[in-house]
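Hello,

Here is the structure for you to look over. My notes on the sheet and the helix packing follow below.

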Amino acid sequence: MEKNSSNMIHLTADSPSKPETVCIFGTGDFGRSLGQKMLQCGYSTVFGSRKSQTSSLIPKGIEVLSHAEAAKKSNIIIVAIQREHYNFLSELTEVLHGKVLVDVSNNLKINQYPESNAEYLAQLVPGAKVVKAFNTVSAWALQSGTLDASRQVFLCGDDSKAKEMVMGIVRTLGLTPLDQGSLLAAKEIENYPLQLFPMWKFPIYLSLGLSAFLFFYCLIREVIYNYVYENKNVSFFIVISIPNRICPVVALILLALVYLPGVIAAIIQLHRGTKYSRFPDWLDKWMLCRKQLGLVALAYAFLHVLYTLVIPIRYYVRWKLNSYVISQIKNNKTDQFIHSTGWHSDSYLALGILGFFLFILLGITSLPSVSNNVNWREFRFVQSKLGYLTLILCTAHTLGYGGKRFLSPSSYRWYLPEAYVLSLIVPCIVLIIKFVIIFPCLDRPLTRIRQGWERNPQEFKNSNDNDSNSAV
């Protein structure tokens, strides 16, 4: 009986009789939103503020005290104030000793200070356990229930128990904690919200650069050439005709660039005979932004479809068609239907439709909400196998569109080929190299290398030792 009663006492002692209290320094937008969210999730919350008077903005049920009084009520203090107002914390060193301080602040610029805000806070209050968290979550996300915003909360700290306490709060709020290691990672975490589309810069700059080049290229071929040699003013081509030439070219080139780094990586692995050798930095960065390249390519493909759909209602097209019909009536002549031309036209259009459908499928599966619900083999099948099929169909569509025109001298204005010819260079290179790599004589050793086999493991070990010695 005594043993059983002792177990009962132990269990009831571990069971919390009242909700845990969390203190929040600061009653700004973020502090109030976080306090309201914690109150909804069952936490007893208290605000620490310079003014202890309760205002109408403070959520009902949350007490407002001075900083010192509020800190005494909780072991976890969330510091929801800006760095320039941290100085008063040095006066609370004794009260904050041994407590967990959660720094949620951000800066106005990347690397604004020599050290991170969290490290600066740890210097001000050396006896506290500082954890960096919640700086990537906005007040709006907390108010909207995090349904329409990122659920990821990056955190770091030197004390593992303090991080576990903060991660428990993060999970209770319905968010996903991501431990980034020690407090040295705080500066990187503070830079996350200040980065404007970091993985999108290269794809966007590249697509805009290609678009600008192709615009001037088509402007010379389509507008300036007609004005100089045929005395025709077709400047209105700038609005629809030229963009409808630019969009498919950029889309196909970007799609090929999605798969080109994988082919280059395979060649490097075959050459080195190992997968344990690091790729060049430029290739690493290229491979990391393949998803963004593909989505930008899909956007250009969408534009091409929209521009194509408006072709029948364009005034120039209707005028040209009516003029052709009238000329046939005047000459009392009807052109015969050419079955081969009909097959050719329908075939390249069908290839384009199928390629665009698979293109959309690739874009959908790249979304986190979809990719999280498929296993790695399914995701790899869609992005790799169907991805190459998409590239083949889109390349075949472009080849079908060109037909035999690339052999006609009249299509080379000022010795410049049509824009679609330029779009075929990169895709054809990728497909040819990929076709060579899938031969058994190359595919088998490449598969073995990716499974961990090395051609000269001792040579690779020596090269690693040399690299480490040179670094020392």
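Strand 7 (residues 152-157) and strand 8 run parallel and are joined by four bridges; strands (E, at least two residues) and helices (H or I, at least four) are DSSP runs numbered from the N terminus. Within this pair, Val153 is opposite Pro177 of strand 8. This is a predicted model, in which local features need pLDDT of at least 70 and side-chain atom pairs pLDDT 80 or more, while totals for chains, interfaces and linings use all residues. Residues are numbered from 1 along each chain as its sequence is written, and side-chain values use heavy atoms, without hydrogens and water.

The open sheet has eight strands in the order 3-2-1-4-5-6-7-8, with mixed pairing (two strands pair if DSSP finds at least two bridges between them). Strand 3 (63-65) and strand 8 (176-179) are at the edges with a single partner strand each, so one side of each has no neighbour in the sheet.

Helix 7 (residues 160-172) packs on the sheet, touching strand 7 and strand 8 among others, and its direction makes about 170° with that of strand 7. Contact means heavy atoms within 4.5 Å; angles run from 0 to 180 degrees between N-to-C directions, with axes fitted to C-alpha atoms, for helices over the stretch in contact.

Helix 10 (residues 241-272) and helix 12 (residues 290-309) pack at about 155°, with axes 8 Å apart.

Regards
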